[in-house]
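Grab a pencil and try these exercises with the model open beside you. Each task comes with a worked solution.

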Amino acid sequence: MASSLESLNRWVEDVARLTEASEIHWCNGSSGEIRLLNEQMLANGELLALNEQTHPGCTLHRSSPTDVARVEHLTFICTRNRDDAGPNNHWMDPAEAHAKLDALFAGAMRGRTMYVVPYCMGPIDSPLSRCGVEITDSAYVVANMRIMTRMGAAALSRIEREESFVKGLHSTGELDPDKRFIMHFPEELSIKSIGSGYGGNALLGKKCHALRIGSWQARSEGWLAEHMLIVGIQNPQGETRYIAAAFPSACGKTNLAMLIPPESYREAGWKVWTIGDDICWMKPGEDGQLWAINPEAGYFGVAPGTDRKTNPNALKMIQHDTIYTNVAVTADNQPWWEGLSEGQPVTDWQGRTYNPANGPAAHPNSRFTVAAQQCPSWSPQAEAAQGVPISAIIFGGRRPSLVPLVFEARDWAHGVLVGAAMGSETTAAATGAVGVLRRDSMAMKPFCGYNFADYFNHWLSFDKPGAKLPKIFHVNWFRKGADGKFLWPGFGDNIRVLEWILGRCAGTAGAEETPVGFVPGAEDLNLKGLAVTAAAGRDLLGIDRQGWQVELAAIGEYLDSFGARMPQRLKDEQRRIAEALASVPAKTVRAANG
Ligand code: SAT
Ligand code: MN
């Protein structure tokens with residue numbers, strides 16, 4: 001069998017011939033290389049300098065106004081058998097997709113430099129990590145990949161040692177939305193993306209590799225590739241427990257991963273450690289626990305809403321050496337976005353004089369790209385080759401009504417149903433209407449590289465003898481009262497919920513058993529110092545039986561929409577809960593250890 005390097009060289013030659021790139025640049029990841037690239041981009045306007053006094057090393061990139069978010073309707077999973085992609089994905093026949101894209105790639109890099117970017121997703125020496133190579137004609141993409149992944153020489157040597165790597169081909173093309181496609185070929189471990197320079201469409205290590213291709217690799221190799229943050233919670237006894245949590249894009253994963261506890265908690269000795277804010281790869285270890293790594297080396301976070309009050313760690317972290325995309329700027333050239341309490345925008349994200357009549361100053365999906373280590377709460381365990389053991393998995397979404405602040409699934413299979421049934425209001429992270437409720441199983445709807453029914457089955461398969469699986473929970477920070485205001489303060493106070501969750505894992509926290517799962521009573525949560533009224537507490541923690549019956553019926557329909565591949569085990573779970581809601585009298589059972 002040809003070595004990886006031979007197949008890499010051949011592929012690079014083929015791509016250079018097809019795209020007619022005028023130059024090939026193999027990226028080694030050195031600081032000299034990136035300095036030169038930055039200089040070039042500052043000279044040609046791809047990057048704009050920001051205030052060097054207040055934001056040293058920071059730059060601004062303005063993307064094309066029609067290229068500001070992921071494009072799910074142009075994202076395809078190309079498997080030989082359509083059912084393998086499933087109803088959760090757009091599908092195209094691989095031969096047809098290759099022909100279509102190769103026609104678009106023909107001559108696409110004429111007169112341009114083609115960058116060959118070897119990268120490793122995860123710590124360079126971790127057995128859980130996987131490598132890839134992205135070929136791109138965008139220097140901005142290279143600069144982002146250098147922050148978001150372990151990019152360059154070390155990754156190339158690992159690729160040389162290993163049998164396979166993920167091939168990602170990207171060109172900004174003409175930035176024409178009509179000639180924009182993000183194609184995945186999981187059976188070939190390859191990606192082709194053209195027509196966009198934005199985030200998840202163009203930084204192929206992120207959603208394309210680490211989730212869509214990654215989830216496919218994970219299923220065949222016995223692990224999980226998830227859209228989850230990873231956070232360590234250190235209690236006053238000095239013990240740190242790790243939690244992985246899945247929320248759809250732009251629902252606060254970065255804020256939760258970098259949470260600063262309220263003063264009373266800090267004084268008591270609580271501390272939060274950030275491992276990852278977006279993607280989690282986890283695999284059962286020999287001890288039966290799930291061990292997790294963050295495959296990324298940086299954060300590509302949403303700027304709007306980031307402030308001293310909401311996420312002070314993030315604000316500190318993005319004060320230097322950060323690439324901003326589509327934010328506004330102030331008169332003295334500092335980056336600005338809605339929700340930032342200091343400064344005034346004078347230029348909007350498109351470079352026009354700011355005029356409120358044109359909408360927000362910063363694009364709602366404007367972003368910062370920053371090295372993970374710049375985060376004040378960054379955990380050195382993020383570099384641990386073996387990963388960190390996960391004590392609890394949390395699913396969550398934006399649910400203005402019905403869904404309580406927190407509940408615990410009774411067991412793994414129930415937890416998988418809770419994840420599968422996840423729903424959330426849509427956000428600006430993808431193009432399309434904002435604020436519409438959609439089912440987003442495990443927050444993976446845009447990211448699972450294969451049929452959701454098979455994916456749920458894969459999740460269920462982890463429940464086997466010897467497994468020491470984490471407990472599964474669901475949270476909802478976004479519950480609103482009759483007045484339309486949020487009932488829960490969120491942000492730093494979310495640690496109160498995490499404390500209960502870890503208390504459940506330790507068997508020390510109380511709960512009431514309901515058909516929906518274990519729900520804390522107000523007395524089981526530490527609400528000291530919070531202005532949550534008794535009525536708000538009842539709304540936050542109550543179970544509306546009729547509302548849940550409607551919800552369970554909708555979940556049943558959703559499961560059925562996947563047809564025959566849907567695991568019976570999940571359907572049985574749905575029926576069990578629907579029956580309990582219909583029959584069990586409104587009694588609740590207190591339990592200190594579910
Ligand atoms: O554009 S990205 O996919 O990188 C960010 C997100 O939507 O989570
Ligand atoms: Mn994400």
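**Exercise 1.** Find the donor residues of the manganese ion (ligand 2) and work out how they are spaced in sequence.

*Solution.* Start with the pattern: the donors of the manganese ion (ligand 2) follow K-x19-H-x50-D along the sequence. Keep in mind that this is a predicted model. Now put names to the letters: the ion is coordinated by Lys207 through NZ, His227 through NE2 and Asp278 through OD, at 2.2 Å. Next, look at where two of these donors sit. His227 is in the loop between strand S12 (224-226) and strand S13 (228-234), while Asp278 is in the loop between strand S15 (271-276) and strand S16 (280-284), so this pair ties together parts that are 51 residues apart in sequence.

**Exercise 2.** List the residues that surround ligand 1 and sort them into nonpolar, polar and charged.

*Solution.* First, walk around the ligand: its neighbours are Arg70, Tyr198, Gly199, Gly200, Lys206, Lys207, Ser249, Phe300, Arg367 and Ala429. Then sort them, and you get 3 nonpolar, 3 polar and 4 charged residues.

**Exercise 3.** Which N or O atoms of Gly200, Lys207 and Ser249 lie by an oxygen atom of ligand 1, backbone or side chain?

*Solution.* Take them one by one. For Gly200, a backbone N or O atom lies 3.0 Å from a ligand oxygen. Lys207 uses a side-chain N or O atom, 2.4 Å from an oxygen of ligand 1. Ser249 also brings a side-chain N or O atom, at 2.9 Å from a ligand oxygen. As for cover, ligand 1 taken alone exposes 250 Å², and the protein buries 98% of that.

**Exercise 4.** Where does ligand 1 sit, and which elements give two or more residues to its shell?

*Solution.* Ligand 1 is in the largest pocket. Helix H7 (199-202) and helix H8 (205-221) are the elements that give two or more residues to the shell.

Notes:
Residues are numbered from 1 along each chain as its sequence is written. Chains are lettered from A and ligands numbered from 1 in the order in which they are written. This is a predicted model: local features need pLDDT of at least 70, side-chain atom pairs count only at pLDDT 80 or more; totals for chains, interfaces and linings use all residues. Side-chain values use heavy atoms; hydrogens and water are left out. A residue is near a molecule or strand if one of its heavy atoms lies within 4 Å of it. A polar contact is a pair of N or O atoms within 3.5 Å; within protein, one must be able to donate a hydrogen and the other to accept it, and residues adjacent in sequence count only if both atoms are side-chain atoms. Accessible areas come from the Shrake-Rupley method with a 1.4 Å probe; for residues, only the protein chains shown count as cover. On a 1 Å grid over the protein atoms alone, a cavity is a set of points where a 1.4 Å probe fits but cannot get out, and a pocket is an open set with protein on both sides within 12 Å along at least five of seven lines; lining residues have an atom within 4 Å of a point. A molecule sits in a cavity or pocket if more than half of its atoms lie within 2 Å of its grid points. Helices (H or I, at least four residues) and strands (E, at least two) are DSSP runs, numbered from the N terminus. Ala, Val, Leu, Ile, Met, Phe, Trp, Tyr, Cys and Pro count as nonpolar, Asp, Glu, Lys and Arg as charged, and the others, Gly among them, as polar. Donors are N, O and S atoms within 2.8 Å of the metal (3.2 Å for Na, K and Ca); water is not among the atoms, so sites may look incomplete.
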